[in-house]
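Work through the exercises below with the sequence and the 3D view open. Try each task before reading its solution.

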Amino acid sequence: MKSFARRLLGRVPPVVHYPTLADPRFISVTLLSGLALYALLTPAFGRHPAQLAASVLAWVAADALLLILYQKVLLVPLSALVPSLAAFVLVDSPHVWPYAAVGAAAILSKHFLRIDGRHVFNPLNFGLVTGLLFLGDSVAFGIARFGDSPWLFAWTVSLGALVTWRSGRLDIALSYAATFLAGAAVRSFLSGGRFLTAASPATNIVFYMYAFHMMTDPKTTPDTRSRRIVFGALVGLVDAVLRWNGVVNAPLYALFVVLGLLPFFRKGEAALPGSFVWRLRSAPLPGAR
Amino acid sequence: MKPAPRYAALAVAAAVLGLGFWTRGRLASRHGAPPAAAGGQGFRLTEAASASGLGYTPGRFAPHPSLANLAPRLGSLGVSVAVVDFDGDGWQDVFVSDPARGGRNRLFRNRRDGTFVDAAASAGLATAAGEAGAMRALFFDSRNAGRQDLLLTTSSCAVFFANRGDGTFRDETARSGLRHCGVSYAANVLDFDGDGRLDVVIADYFKPVDLARPSDYEFMPDSAVAARNGGPIVVYRNMGDGVFRPVAGNLGIVSRGWTLAVGAYDLRGTGRTDLYFATDFNSDQVYLNEGGGRFRNASRLVEDKYSRNGMSAEIADVDNDGRAAVYVTNIHAPPYALGTNMLWKWMPGGLFADAAGDLGIAECGWSWGAKFLDLDNDGLQDLVVTNGYISADPNKDYWFESGLMGSAAGRVMRDARNWPPMGRASLAGRQKKCVFRNEGWRFTDVADKTGWADDRSDGRGLAAIDHLNNGSLSLVEANEGQPLRFYRNDGGGSWVGFKLVGRRSNRDAFGARVQVRLKDKTLSREVQPANGFMAQSDGRLHFGLGREPEILEAVVRWPSGTEQRLEGLAPGRYHLVEEPEDPAPAR
């Protein structure tokens, strides 16, 4: 094991990055593990343990492998585990392989679509968008699978809000929510429909998973508050325009479009490591001299 | 940061979205590709509704104006078709319900020359539903009198018309006790208590609501995948002399609603009729008949599955192994809905296994009616599936709005007033039908080669009929608000048929099984003409014999338990088989 790791890591100082207990991603893992368990135990979800295994393995293994090969580091794979659990819940397919395919696409985007050392697209969003667009015969967005359980709702909203607050990204979620509701009001006014109908996505748990776990990823959002607020509002605005035009899964495409503008948001922001980093602790590779 | 990389990210986003939507568009147009040239099959289906006197366009059910936002959707179901020999002349006739409120049903009498003429008015069935919309039609001999009575569900309350035996019917709704109120698309009959009389199962879709004069608007489903707020399933016991009463305890059947079809068949080879309820917005329900009027809920065996829009429950012995399988249609409309049709087969060990994917019959659009029948008389039952939901303006679709409500919280979804106006939008319309030819180990879709390629109707019920009594099974397709289609089968081949008449069992012989033994295989069919979706087929049993026209014997297992062996049967004709009066129990 030691010689294998050294061969992979080469001359780069062999270190393993451990998350500290203060790392907010532990909250995400707790939240999403609960949702994944709910999905597995609820027949209406139509999920299978093999799909969970495919999702987690694809994300974690691909991320770990590419980190070793290209960045010469070993990481406890929280950054891959969190979206892999979310993808298991959000990807809706009767097959197993799409869960692996979405994960592979997401991790490839994370490692190869990078500017100034940072990935541009949120991997979960990238995986879902490419899956929906290119594997549409086998992949759908599992937004209709959640029931009405108030406990599940409370679980998702409370822990989601907590992790977003701890990551310093609650302003994005609030900005998006406000813009979404304003867009719903405008759409209902213009169409003559009910506001409750236009705003009904906010009654679904997936709305909060999206707001707290996809669009607020610290790695793919601006670092300054004003820009974050504009970022969230812009996603909400594009979302509203797409919904007005009847585009199914509008929020996913809205975030994808706005993430294409992310480098412009980051212009002038401090380069790494001044911007957001997860709370990690580094240590020598076990057995290294 | 240099400008170029910043623009590169935007370019990647634009490229992915552009390429993705372009690819999806290509995929969609591929699904609607024009048909290939015809020819090369063992049968040929010719659309001949007008030429055969079956030219008829049923109306659509129109709800109250306050439900105008959902009018296309609420009017998207209702038409049904039933094949019946209503006048007892030995030739199969066709009844078609008219879902329009105050509409006129059709009863096409077989003129024995390949054509039909409408006799609904003279029979007294044209306006059987009164001011309501007519829906599910179910013919059966309620008194074991040799006459086919009609149970007709409507948009309001069911009606029951007794057959006088002279080609006319009289309204006996009040006397019969079958004034079942509710919107029901599903009904079937079985003799659950073995008393020789046919009992009735009616399953409602919506919870009790008058769509023509609603006082409560919270009748839509409260979940897209786990709704439990639909209407009841009610079992009526036949008390004799055309009188029915609800069964106390309802055989233990749990009502969750949203039932679209009731399938009846002996699924396990026990000699008893089990029940399968194809259910929308939830998993299906299965009740296994334990005998003595007791049923066991086995729904958990088909619960843990992806597809949640059961539409049809068509049942047959697909692979001639003596065991039946339930074909349940679903919604397959990628990228919006990825459900698939299923073929549930009871396996040794007490499990249902789905074989639709392996057999190549899992995908056929937004499927509705399905029918197993041997189109080419090769001894293997083929499968025809009709589909298409709402075909209106081809440039507008309702997928966004449908998805919006399908993902809303239950309290929002169930209120009909919250649903966005559908207007002239389409939803899974203009779909290509499927004609799956049974190749023995797999099915192949030959719709393009059989004369069914151009059909883009909003298909609902599919009924098989041998209208010429010549062993070629044709099909009648009822389409919602669109012309009836009649696919005449001009094929040939060797065959044999049976018309069963029960004596100790119910006279229609519902639940009777016939096994035809050939040199190296045994074919099995059960008298269950009212399975499928909104359709009733020819009640006689038909067997294609393939290349082995020599029939060694046929064995009839009657619902009473009597087993009857028939030898020296000649192919190429229907045999009238009457149940022996003297019992010879085989169970």
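The exercises below concern a predicted model, and each is followed by a worked solution.

**Exercise 1. Chain A in outline**

Task: State how many helices and strands chain A has, and what share of its residues is buried.

Solution. Start with the secondary structure: chain A contains 13 helices and 7 strands. Next take burial: of the 289 residues in chain A, 46% are buried. Last, consider contacts in chain A with a separation of 6 or more; 76% of them join residues 24 or more positions apart.

**Exercise 2. Helix α8 of chain A**

Task: Check whether the length of helix α8 (residues 170–191) of chain A agrees with its number of residues, then find which of its residues are buried and what they pack against.

Solution. Step one is the length. The expected span is 1.5 Å times one less than the number of residues.

Step two is burial. The buried residues of α8(A) are A:I172, A:A173, A:S175, A:Y176, A:T179, A:F180, A:G183 and A:A184. An α-helix has 3.6 residues a turn, so residues three or four places apart point the same way.

Step three is the surroundings. The partners of these buried residues are α7 (150–166), α9, α10 (205–213) and α11 (225–244) of chain A.

Step four is the end of the helix. Just after α8(A) comes A:G192, with a positive phi of about 80 degrees.

**Exercise 3. The nonpolar core**

Task: Name the residues with the most contacts inside the largest nonpolar core, and list what B:V262 touches.

Solution. The largest nonpolar core has 262 residues, and B:V94, B:V201, B:V262, B:A463 and B:V476 have the most contacts inside it. The element giving the most to this core is α12(A), with 9 residues.

For B:V262, leave out residues up to four places away in sequence; the residues touched are then B:A186, B:A187, B:N188, B:V201, B:A203, B:L275, B:F277 and B:A313.

**Exercise 4. Two open sheets in chain B**

Task: For each sheet of 4 strands, give the strand order and identify the edge strands.

Solution. Begin with the sheet in the order β14-β15-β16-β17 of chain B, which is open and antiparallel. Its edges are β14 (259–265) and β17; each has a single partner strand, so one side of each lacks a neighbour in the sheet. The twist averages 20 degrees from one strand to the next.

Follow the pairs across this sheet. β14(B) and β15 (residues 274–279) of chain B pair over 6 bridges, with B:A264 opposite B:L275. β16 (residues 285–291) and β17 (residues 294–297) of chain B pair over 4 bridges, with B:Y287 opposite B:N297. β16(B) and β17(B) form a hairpin with 2 residues between them, and B:G292 in the turn has a positive phi of about 65 degrees.

The other open sheet has the order β18-β19-β22-β23 in chain B, again with antiparallel pairing. Here β18 (313–316) and β23 (351–354) stand at the edges with a single partner each, so one side of each is left without a neighbour in the sheet. Neighbouring strands are turned by 30 degrees against each other on average, direction ignored. β22 (residues 342–347) of chain B and β23(B) pair over 4 bridges, and B:W346 has B:F352 as its bridge partner.

**Exercise 5. A strand covered on both faces**

Task: Are the residues of strand β37 (residues 541–544) of chain B buried or exposed?

Solution. Take one side at a time. B:L541 and B:F543 lie on one side, B:H542 and B:G544 on the other, and all are buried. Strand β33 (residues 495–501) of chain B pairs with β37(B) in the antiparallel sense over 4 bridges, and B:V496 stands opposite B:F543.

Methods: Residues are numbered from 1 along each chain as its sequence is written. Chains are lettered from A and ligands numbered from 1 in the order in which they are written. This is a predicted model: local features need pLDDT of at least 70, side-chain atom pairs count only at pLDDT 80 or more; totals for chains, interfaces and linings use all residues. A residue is buried if 20 or more other C-beta atoms lie within 10 Å of its own, exposed if 12 or fewer, and partly exposed in between; C-beta atoms are placed from the backbone. Two residues are in contact if their C-beta atoms, placed from the backbone, lie within 7 Å. A nonpolar core is a set of buried Ala, Val, Leu, Ile, Met, Phe, Trp, Tyr and Cys residues joined through C-beta atoms within 7 Å. Two strands pair if DSSP finds at least two bridges between them. Axes are lines fitted to C-alpha atoms, for helices over the stretch in contact, and angles run from 0 to 180 degrees between N-to-C directions.
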